[in-house]
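Hello,

Please find the structure below. My notes on what was found in it follow.

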Amino acid sequence: MLPGLDPDIEGAVTRMKKLTVYLRRIREQSLIDFDLERPEFDTLHKLAGRGGRASPSELAADLDLAPASVTGRLDGLESRGLIRRTPSKKDRRRVDVELTKSGRLIWLGAMDVLGHEEYRLLGVLSKDERAQFSDMLRRIMLVAEEGGGASWR
């Protein structure tokens, strides 16, 4: 060990890195299992987060993408029957994007795989410990975000 390094800090950082890699592998495997590319899942996820319906411009903003990029994603998802585009109820010149039943089921399935593993891992902590752990990570992230050196999206 190098002099001056705090073994608790080094251990925590190493474990966070390993946990991040592990959860990324679980997520990627769930995407493979549900025949989804990461951008497709992200789009379904943002759409589900808006209650299953959004405008293409809202999705573009949520995904931090140019509208033309979202159109390509939507074309692929629509051809697979995971979303549908319908005339907007608010403005007939626009369209709304909505999750189909199939799209919602695939999104939920992929989410369930990762969610199950997250609950399994964090289930070793009591409810109070999970709340405390979440608060500690929130405080650490606030300091990290103040530095502004990395993108957090």
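Ile106 is found in helix H5 (101–122). This is a predicted model, so local features need pLDDT of at least 70, side-chain atom pairs count only at pLDDT 80 or more, and totals for chains, interfaces and linings use all residues. Residues are numbered from 1 along each chain as its sequence is written, and side-chain values use heavy atoms, with hydrogens and water left out. Helices are DSSP runs of H or I with at least four residues, numbered from the N terminus.

Ile106 has a relative accessible area of 18%, so it counts as buried. The cut-offs are: buried under 20% relative accessible area, exposed over 50%, partly exposed in between (1.4 Å probe, protein chains only). Ile106 touches Phe34, Leu36 and Leu82, leaving aside residues up to four places away in sequence. Contact here means heavy atoms within 4.5 Å. Ile106 and Phe34 are 72 residues apart in sequence, yet their C-alpha atoms are 6.5 Å apart in space.

**Thr43**

Thr43 lies in helix H2 (residues 38–49). Its relative accessibility is 0%, so Thr43 is buried. Not counting residues up to four places away in sequence, Thr43 touches Leu59, Leu63, Arg73, Leu74 and Leu77.

**Two loop residues with positive phi**

Most residues other than glycine have a negative phi. Asp35 is not a glycine, but its phi is positive, at about 55 degrees. Asp35 is in the loop between H1 and H2. With a relative accessible area of 56%, Asp35 is exposed.

Asp64 also has a positive phi, near 55 degrees. Asp64 is in the loop between helix H3 (56–63) and helix H4 (67–79). Its relative accessible area is 53%, so Asp64 is exposed.

**Pocket and cavity**

Rolling a probe the size of a water molecule over the atoms shows where empty space is left. The search used a 1 Å grid over the protein atoms alone. A cavity is a set of points where a 1.4 Å probe fits but cannot get out. A pocket is an open set with protein on both sides within 12 Å along at least five of seven lines. Lining residues have an atom within 4 Å of a point. Points are joined across faces, edges and corners, and a volume is the space filled by probe spheres set on them.

The largest pocket holds about 710 Å³ of space. Its lining has 20 residues, and Leu19, Thr20, Leu23, Arg27 and Glu118 lie nearest its centre. H1, H5 and H6 each give two or more residues to this lining. H1 gives the most, with eight residues.

There is one cavity of 30 Å³ or more. The largest cavity has a volume of about 40 Å³. Arg27, Ser30, Leu31, Phe41, Ala110, Met111 and Leu114 line the largest cavity. H1 and H5 are the elements that give two or more residues to its lining.

**Nonpolar surface patch**

Ile9, Val13, Met16, Leu122, Phe133, Leu137 and Ile140 form a nonpolar patch on the surface. Together they have about 550 Å² of accessible area (Shrake-Rupley method, 1.4 Å probe). Such a patch joins nonpolar side chains within 5 Å, from residues with over 30% relative accessible area and no salt bridge. A salt bridge is a side-chain nitrogen of Lys or Arg within 4 Å of a carboxyl oxygen of Asp or Glu. Helix H1 (7–33) and helix H6 (127–147) each give two or more residues to the patch. Ile140 sits in helix H6. Its relative accessibility is 47%, so Ile140 counts as partly exposed.

Best wishes

Definitions and conventions: Patch = residues over 30% accessible without salt bridge, like charges linked within 9 Å, V, L, I, M, F, W, Y side chains within 5 Å.
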